[in-house]
Number of protein chains: 2
Amino acid sequence: MTMSIATTEHTVKAFDTDLQMLDRMIAEMGEHAHRQLMQAVGALKKRDRDCASEVVGNDAALDVLQREIERRAIATIATRQPMAVDLREVVGVLRIATELERIGDLAKNIAKRVIALDGQRMPRHPLKLMSHMTAVATDLLRDVLASYAARDSGKAQKVWSSDREIDWLYNQLFREVLNHMMGHPAILIAGVHLLFCAKNIERVGDHATNIAESVYYIVHGQPLPGERPKMDSTGLPTLPARAPSIVSIA
Amino acid sequence: MTMSIATTEHTVKAFDTDLQMLDRMIAEMGEHAHRQLMQAVGALKKRDRDCASEVVGNDAALDVLQREIERRAIATIATRQPMAVDLREVVGVLRIATELERIGDLAKNIAKRVIALDGQRMPRHPLKLMSHMTAVATDLLRDVLASYAARDSGKAQKVWSSDREIDWLYNQLFREVLNHMMGHPAILIAGVHLLFCAKNIERVGDHATNIAESVYYIVHGQPLPGERPKMDSTGLPTLPARAPSIVSIA
């Protein structure tokens, strides 16, 4: 099948229009996921069940957006038959939408735990660490979305290597919460919920890292070089020598 | 563009060949994910670090398979331009591969926790519940893969409504482990790891349910009717009245 120049130009233009629309939808999903995460952790800090219920209710919009992005991306591949970087762009969109949907699920999970906690008191300092972790995670999310919007693989690579900080904070928080739980069995359940919430935030960092990998792949057509910078062991000064490791497990 | 009958027949046959290959790869991924899960929980029961390390090492094969399935599925969409049920087949393959890759991640996470636990003793009865949960989850996985292989939406629907049992077992286990932790602060860390492992198995059930939804979508071209049968609240007889809920939070 040979195409006339007019047809080719038409197809190229149509592809660009498709991609711009997909980009806008990714930006919309990114903003929504970012907002959900902030609101979920805000609800946790204030033990605000109503605010948490709102987060749970607003998650469906992300699922709908993801399905719509998938539908459009597939249609673009089928009708425009993009090659090389153009094809990578659309595959990248599919991957990034999946990651953003998962981030939304994590925010929803935190919100559900706020509801389950039903206003119970929680240790104050771990909550502060949690806010700090969330700030780092949402910054990573914002930066990686900006790197996608600008197709800036350098910025993506920076996000990719910043995930360590979240892992470090997670380990700190894990240790503090466990110590609290040892001294105060009454907060055991609240403590466990807090650990799961912290794990969720840590996983947001992983998803931001995955998005960074997709951005790099779109731009360069190959995976990011080098091992993923993941902390897998740390010392555990506050726990008995034979205690099993409580390090960040991804 | 009009195609001659010969071209059409060629395209149809080529599409069928592509799809058969994708089906085989999904089956391979499914078996591998199933095996990883069984081995990870086996390692947990025996506190076998070597066995766990093997699981961690074998996860990469699933990631490679997923990327290869994605590559081939995208190429099929671009070159064969499938419509209607054919397009749903390929989109279904993309979705199912993602779910299987996540199941592999969950198995790897359990294995990492086995390594972190470093042979520490764990409460016996929760471990039994955990084995039972795993048996249910791996059965669901096997059944949903069979429903995909046979494009049997009735079987898929059955898996979809069986996820409840895992949720129930998870709640049982959660309660037992927490009670243990209250009475034996020495097992606090082991208990927390066990809770995370149990949560992972519960999430395997969710992924099997997602696959069931994809099978239904392939066959019928629309989502499964009705609300997802998810347990979201249960009584907590063994915990104090004001204790926050420890129900399955998905």
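# Helix packing in a predicted two-chain model

In chain A, helix H2(A) passes helix H4(A) in a left-handed crossing; left-handed means that the near helix is turned anticlockwise from the far one by less than a right angle, and right-handed means clockwise. On the H2(A) side, the contact (heavy atoms within 4.5 Å) is made by Arg49(A), Ala52(A), Ser53(A), Val55(A) and Val56(A). H4(A) brings Ala107(A), Lys108(A), Ala111(A), Lys112(A), Val114(A) and Ile115(A) to the contact. Sorted by class, the residues where H2(A) meets H4(A) are seven nonpolar, one polar and three charged. Here Ala, Val, Leu, Ile, Met, Phe, Trp, Tyr, Cys and Pro count as nonpolar, Asp, Glu, Lys and Arg as charged, and the others, Gly among them, as polar.

A quick word on the ground rules. This is a predicted model, with local features needing pLDDT of at least 70 and side-chain atom pairs pLDDT 80 or more, while totals for chains, interfaces and linings use all residues. Residues are numbered from 1 along each chain as its sequence is written, chains are lettered from A and ligands numbered from 1 in the order in which they are written, and side-chain values use heavy atoms, leaving out hydrogens and water.

## Two helix pairs

H4(A) also packs against a helix of the other chain, H2(B). The table puts the two pairs together; axes are lines fitted to C-alpha atoms over the stretch in contact, with angles from 0 to 180 degrees between N-to-C directions.

| Helix pair | Angle between axes | Axis distance |
|---|---|---|
| H2(A) (residues 49-58) and H4(A) (residues 84-117) | roughly 150 degrees | within 8 Å |
| H4(A) and H2(B) | about 125 degrees | 12 Å |

H4(A) and H2(B) are therefore oblique to each other, the label left over once angles under 35 degrees are called roughly parallel, over 145 roughly antiparallel and 65 to 115 roughly perpendicular. H4(A) passes H2(B) in a right-handed crossing. Leu87(A), Val91(A), Leu94(A) and Arg95(A) of H4(A) meet Arg67(B), Glu70(B) and Ile74(B) of H2(B). That group splits into four nonpolar, no polar and three charged residues.

## Chain A as a whole

Chain A has seven helices and zero strands, where helices (H or I, at least four residues) and strands (E, at least two) are DSSP runs numbered from the N terminus. Of its 250 residues, 55% are buried; buried is under 20% relative accessible area, exposed over 50% and partly exposed in between (1.4 Å probe, protein chains only). Among the chain A contacts with a separation of 6 or more, 82% link residues 24 or more positions apart.

Most residues other than glycine have a negative phi. Ala84(A), with phi near 45 degrees, goes positive without being a glycine. Ala84(A) sits in helix H4 of chain A and counts as exposed because its relative accessibility is 56%. Over in chain B, Arg151(B) has a positive phi of about 45 degrees, and this arginine lies in the loop between helix H4 (124-149) and helix H5 (153-183).

## Two spots in chain B

Lys199(B) belongs to helix H6 (residues 188-220) of chain B and is buried, at 6% relative accessible area. Its side chain makes a polar contact with the side chain of Glu202(B), at 3.0 Å. A polar contact is a pair of N or O atoms within 3.5 Å; within protein, one must be able to donate a hydrogen and the other to accept it, and residues adjacent in sequence count only if both atoms are side-chain atoms.

Thr79(B) is in helix H2 (residues 49-80) of chain B. A polar atom of the Thr79(B) side chain lies 2.8 Å from the backbone oxygen of Ala75(B). Thr79(B) and Phe15(B) are 64 residues apart in sequence, with 9.1 Å between their C-alpha atoms.
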